[in-house]
Amino acid sequence: MTQGDAVEAGRPGPEMRIGTAERESAASALNEHLNAGRLEVQEYADRSARAANASVAHELTELFTDLPAPHPALPGAAPAPVAAPPAEVDPARPSAMDTWGPRIVAAGPIVALVLFLVFREWWFFLLVPLAGAVVYGGHGSYGGHGFSGGHGHRRRDDRHQGRDERRTAADEPRDRRDGT
C-alpha cells in the first residue's frame, strides 16, 4: 500500500507532515483521556511530550492506538464522527417528587396526629421527620444526593454564580488601578 492509497482509504500516510493544529488537537484529545481516567499522569506526560515533538502523522497515530475516541484530527484522515450531547431533562417540567413532595411533608403531621389519637402510639410522630428525609433527602447542605434526584441546588448555584460574577466585576477596576 502506498502513501497515496493510505490517504484515499481515510488514513494518513506514514510520512504525512503535521503542523501545530494537529499537535494541539492531539494534546486536547490526550487531556480528555486523562480526565476520563484512561491515562495515568506519567503516561499522559510521556504521550504529551511525544505529541508536542511529533512531525509526521504516524507519530500521533501511534499515541492513540490503544485509546477510544476522541483522536486528533489529522491531514488526510476522515473527521471522526461527533457524538450528540446527551438529552437533558426539561427544567420547566418538575418531577412528580417536586410536585407531590411538599404536599406529603405538609400532610405528615396531620396524619401522625390522627394515627396517634386513634392508636395511642407515640411513634407515629416519627413519620414526620421520616417523610421530610425521604422527600428532601439530600437537598439541604449535605451534597444533593437524596431520593428526589438532587436538583435542589440549582437556585443556590445560580446565587453563587451571580455572587462570583459580581466579585469579578468589582475586582476589575481595582486590577486596572494596580496595573495587574
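1. Contact here means heavy atoms within 4.5 Å. By that criterion, and leaving aside neighbours within four places in sequence, Ile18 is in contact with Arg23, Ala54, Ser55, Val56, Ala57, Leu60, Leu74 and Pro75.

2. The model is predicted: local features need pLDDT of at least 70, side-chain atom pairs count only at pLDDT 80 or more, and totals for chains, interfaces and linings use all residues. Residues are numbered from 1 along each chain as its sequence is written, and side-chain values use heavy atoms, with hydrogens and water left out.

3. The protein chain has seven helices and zero strands, where helices (H or I, at least four residues) and strands (E, at least two) are DSSP runs numbered from the N terminus. Of its 180 residues, 19% count as buried; buried means under 20% relative accessible area, exposed over 50% and partly exposed in between, with a 1.4 Å probe and protein chains only. Among contacts with a separation of 6 or more, 52% join residues 24 or more positions apart.

4. His33 lies in helix 2 and counts as buried because its relative accessibility is 0%. Its side chain reaches the backbone oxygen of Pro70 at 2.9 Å. Not counting residues up to four places away in sequence, His33 touches Arg38, Leu39, Phe64, Leu67, Pro68, Ala69 and Pro70.

5. The axes of helix 2 and helix 3 come within 9 Å and cross at roughly 170 degrees; axes are lines fitted to C-alpha atoms, for helices over the stretch in contact, and angles run from 0 to 180 degrees between N-to-C directions. The two helices are therefore roughly antiparallel, a term for angles over 145 degrees. Helix 2 contributes Arg23, Ala26, Leu30, Asn31 and Leu34, and helix 3 contributes Val41, Tyr44, Arg47, Ser48, Ala51 and Ala52.

6. Helix 5 (residues 96–119) and helix 6 (residues 127–136) have axes that come within 8 Å and cross at roughly 170 degrees, which means that helix 5 is roughly antiparallel to helix 6. Residues of helix 5 in this contact include Met97, Ile104 and Leu115, while those of helix 6 include Leu127, Ala131 and Tyr136.

Methods
A polar contact is a pair of N or O atoms within 3.5 Å; within protein, one must be able to donate a hydrogen and the other to accept it, and residues adjacent in sequence count only if both atoms are side-chain atoms. Angles under 35 degrees count as roughly parallel, over 145 as roughly antiparallel, 65 to 115 as roughly perpendicular and the rest as oblique.
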